[in-house]
Amino acid sequence: MHRRALLAAGLPLALPSPGFAQAASADPPRAASRVLALLAEGNRRFAEGRARHPHQQPRRQHQLAAGQQPFVITLGCADSRVAPEILFDQGLGDVFDNRVAGNIADEVVTGSIEYALEHFRPPLVVVLGHERCGAVTAAVEAVTGPAPTLGHGGVLVRHLRPAVEKVVGRPGDLVANAVRANIALQIRRLHSSPLIAGWAQTHRLHIAGAVYDLDTGNVSFM
Ligand SMILES: [Zn+2]
């Protein structure tokens with residue numbers, strides 16, 4: 001169906017925008033503002049049920065076999081509902097995706113992000129938290145109650161505790177507040193890396209926080 005016919009029928013246009021074509025080319029976007037716009041466009045498609053699933057064909061896979069040039073680094077939760085390529089409607093080779101419960105920037109994750117910055121030089125890092133995060137909820141329960149956290153979960157709680165303690169007693173939902181406080185905390189941790197702070201200064205790297213809404217599918221940038 002042609003564009004005019006789609007409009008006449010009141011159907012959403014699912015044709016690639018010029019901006020999207022840029023992302024699909026061999027020359028990925030180099031400005032953080034452009035990458036943020038691409039991610040917002042992709043998330044809008046996903047949330048409205050008109051995802052295009054780009055860059056997931058065998059041709060793309062073969063193109064990438066010789067090398068990658070992702071245009072964004074993400075630090076997100078390992079939660080099965082919060083896969084960034086799906087939420088932002090991107091594909092293979094687009095997102096250097098770091099995921100761990102509670103989107104924690106520990107030494108290993110920070111090293112992974114430093115590696116990606118040095119090798120691929122993307123202009124944007126997104127720390128992506130989400131609604132009703134299980135890891136943050138566990139940290140809230142550990143801070144507000146007597147429940148011990150078993151096994152290595154205690155390590156997660158130790159990393160998340162400062163975010164929870166910062167918002168205990170504030171108005172609103174404690175877990176939702178702690179999710180946002182944790183995103184801010186992990187961004188500060190990333191900035192404490194001399195290499196990442198240096199990239200922010202000399203290469204205009206931008207580190208953004210974002211929250212995913214499990215109910216609507218929308219990602220809100222903070
Ligand atoms: Zn989570």
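A salt bridge here is a side-chain nitrogen of Lys or Arg within 4 Å of a carboxyl oxygen of Asp or Glu. Keep in mind throughout the tour that this is a predicted model.

Select R60 and D94, whose side chains meet in a salt bridge with an N to O distance of 2.8 Å. This pair links distant parts of the chain, since R60 belongs to helix α4 (residues 58-64) and D94 to the loop between α5 and β2, 34 residues apart. Both R60 and D94 are buried.

Next select D89 and R45, which also meet through their side chains in a salt bridge, at 2.7 Å from N to O. Here too the pair links distant parts of the chain: D89 sits in the loop between α5 (84-87) and β2, while R45 is in helix α3 (residues 32-47), 44 residues apart. D89 and R45 are both buried. The structure holds eight salt bridges, and another of them comes at the last stop.

**Second stop: helix α6**

Move to residues 107-120, the 14 residues of helix α6, and follow the helix from its first C-alpha to its last, a reach of 20 Å that is close to the 20 Å expected at 1.5 Å a residue. At its start, a side-chain oxygen of D106 comes to within 3.2 Å of the backbone nitrogen of V108; beyond its end lies R121, which has a positive phi near 50 degrees.

Now colour V109, T110, I113, A116, L117 and F120, the buried residues of α6. They lie on the same side of the helix, because they cover an arc of only 125 degrees around the axis. Showing their surroundings brings up β1 (72-76), β2 (95-99), β3 (124-130), α9 (174-191) and α10 (194-202), against which these buried residues pack.

Select the zinc ion, which is coordinated by C77 (SG), H130 (NE2) and C133 (SG) at 2.0 to 2.3 Å. The donor residues follow the spacing C-x52-H-x2-C in sequence. H130 is buried, with a relative accessible area of 0%, and C133 is buried as well, at 1%.

**Last stop: R132 and its partners**

Finally, select R132 with D215, a salt bridge whose closest N and O atoms are 3.1 Å apart. D215 lies in the loop between β4 (206-212) and β5 (219-221), and R132 in the loop between β3 and α7 (134-144), 83 residues apart. D215 is exposed, with a relative accessible area of 56%, whereas R132 counts as partly exposed at 46%.

Note on methods: Residues are numbered from 1 along each chain as its sequence is written. This is a predicted model: local features need pLDDT of at least 70, side-chain atom pairs count only at pLDDT 80 or more; totals for chains, interfaces and linings use all residues. Side-chain values use heavy atoms; hydrogens and water are left out. Donors are N, O and S atoms within 2.8 Å of the metal (3.2 Å for Na, K and Ca); water is not among the atoms, so sites may look incomplete. Buried means under 20% relative accessible area, exposed over 50%, partly exposed in between (1.4 Å probe, protein chains only). Helices (H or I, at least four residues) and strands (E, at least two) are DSSP runs, numbered from the N terminus. The expected span of a helix is 1.5 Å times one less than its number of residues. The arc is that of the directions from the helix axis to the C-beta atoms. Contact means heavy atoms within 4.5 Å. A polar contact is a pair of N or O atoms within 3.5 Å; within protein, one must be able to donate a hydrogen and the other to accept it, and residues adjacent in sequence count only if both atoms are side-chain atoms.
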